[in-house]
Amino acid sequence: MKGFFMVHLQALLFSLGQQLRTPFSSLLTIAVLSISIALSGAFYLAVKNITHLTGHLETSNQITLFLGQQVSDQDGRWLLTRLEKHRSIQSTRLITKTEGLKDFEQFSGFGDALKALSRNPLPMVIQVFPRLNLTTPQQLQQLLDELKALPEVAVAKIDMQWVQRLKAIIVLAERGVLVLASILAFAVIFITGNTIRLELQNRQEEVVIAKLVGATNGFIARPFLYSGFWYGLLAGLLAWLMITGLMALLQSPMEQLMTLYLGYQEVVFLSVLDSVILLVVSAVLGVLGSWGVLVSQLSRLTPE
Amino acid sequence: MIKFDQVSKRYSEVGDVLVDVSFTITKGEMVFLTGPSGAGKSTLLKLIALVESVSRGQVFLEGQNLNRILEREVPFMRRKMGLIFQDYKLLNDRTVADNIALPLLIAGYSHQEIKRRVRAVLDKVGLAGKEKSYPLSLSGGEQQRVGIARAVVNKPSVILADEPTGNLDPALATEIMRLFKQFKQVGVTVLIATHDLSQVIDSGCRQLTLEQGCLVSD
C-alpha cells in the first residue's frame, strides 16, 4: 500500500517536473485552457449576480398609480386613505407633485430645465404595495384592473412585468451558460488531449523502452494522466485568478449601476464552493482529456 | 527454458523470415545465434520477447506457451527477460542510475532497494561511480554496459541480446562477452544474436546458425 502510494506520488511530482522543464509550452497550454474555463466561469458569475439581484426584486412587485393632473393634493390624500383600507393592499406611499419635483431635480439633473416651465408638470403618484399573499400574476392583474378603474387614476403600472421578463431572460441565460460551459468543457478536453498526444509523441522512444523492460500501460499512462491533472488544475487556478481580477475591475462600476437602479449594492463573487467546483472540474477535465488520448494511442505504441 | 517447435514467421511485405525452426535451450545455457544479416536472427529474438507473434508453430518460455499469453500479461512476461540491443536503447536525458533503475521502478521496488541494486549491478559491470553520468558522456562500450546492467538488474532468468557488440571494437566486445559468461555461471540462460564469428568460436559455446530463415546447424 505504501509502495502504491509512493509510485503515484513519484508520478505526480515527475509530471509536474516535466511541465516545469518546458515552461513556455506548458504555460501556453495552460493559458489557452484557462481562457476557456474563465469564459464559462465569468458567464456563470454574471448570471449569478443578476439572479441574486432579482431575488431581491421579487418582493418589490409594486403598483404605481399616476393620478390625473386635475386631481388636487387633498383628493390624492383621500384616495390614499381609501386604498389603505383595501384588503389586497399592504401599504401605500404618496408622492406629491412637490416631492416628485424635488426628487426629479435631485436625481435627474434636469432641475434647471424644469424651472423654465411655468408650472409643475409632474403628476401625483401613489405607490401601492400589494399584500404578500398576492403572488400569482392573475391576482395582481385583478388588483391592477381595479385600481385602473378609479377615476383619479390616469395610468396604473405594475413593475412585475419587467421582473417577469427579466426572470425569463435569466432562465434563458442560465441555459446558455450551461450550453456554453459544456462546449468549453469539450474544448478543455480536446486541448489537453492534443497536448498529451504531442507529449506522448515526443517521448515515444521512452514509452517503447519502458514497454520493453516490462512496463504496463498503466505504469506508462500514469505520469501523462497526472500531467493532464496538472494542466487542468493550473488552468483552473489561473481561470479563478482571471475571474476574480475581472470582478475586482468591474466591482465599483457595477456597484454604481446598482445604486442608481436599486438603491443598494451587492456584487457577488465566486463563493468558496464555486471555486472548489471550478478547480475540481478543471482537473477532472484535464485527466479526461489525457485519458482519452492514452486509451487510444498507448496500445498503438509498440516496440515495432 | 526456451523451446521453439516448428516455428514459422511470415511478414506479408517480405515473405517468410523464419521457416520451421525447432530447437531447445536448457536453463543456464549460453547460446549464440549466428547467420548473415537478414537471416531472421532479430525476428527470432522478437518472438521470444513478445514483440512479434509467430505465424505458425509454438514458442515456449519457462514452459509457458507464448501464443497463449494475453496482451495484459505481456509486461509481466517481459520482466522475466533482460533485453540488450545493438543501439543500447538508453534514455539519454536520464542519468545512468535512472536508466538502470527503470525496470525496478516498473516492478515497484522501494527506493532503498532500487538504490542498493543499482549500485550492486554497476559494480558488477565495472561502472561504479558513473551513477550520475549521462549516457552520451560515456563511450560505446560503457553505454552497452549500462544497457546490460539495466537488463540484469531485475535478476531475469533469460538474457536476450541482439548484436550486443555490433558497435564495439574487438577488445571491448571481448569484455562484454566476459560479462555474459559471468551471468551464465550464475544460472542465467543467455541467447546472443551476432554475426561476429570470432567471438563465438573463442567462447566455445553452442551455436545456432540461421540461413534465410532456416536453422542450418545446431
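The pLDDT is the predictor's confidence in each residue, on a scale from 0 to 100. This structure is a predicted model, in which local features need a pLDDT of at least 70 and side-chain atom pairs count only at pLDDT 80 or more, while totals for chains, interfaces and linings use all residues. Residues are numbered from 1 along each chain as its sequence is written, and chains are lettered from A and ligands numbered from 1 in the order in which they are written.

Chain B has a mean pLDDT of 91, with 100% of its residues at 70 or more. For the complex, the predictor gives an ipTM of 0.91 and a pTM of 0.75.

Turning to the fold, chain B holds an open, antiparallel sheet of 4 strands in the order β2-β1-β4-β5, where strands pair if DSSP finds at least two bridges between them. Its edges are β2 (15-25) and β5 (64-65), each pairing on one side only. Strands β1 (residues 2-11) and β4 (residues 56-61) of chain B pair in the antiparallel sense over 5 bridges, and Phe4(B) stands opposite Val59(B) in β4(B).

As for the partner chain, 15 residues of chain B are in contact (C-beta atoms, placed from the backbone, within 7 Å) with 13 residues of chain A. On the chain B side, α2 (74-78) and α3 (96-107) are the elements that give two or more residues, and α3(B) provides the largest share, 4 residues.

Terms used:
Contact = placed C-beta atoms within 7 Å.
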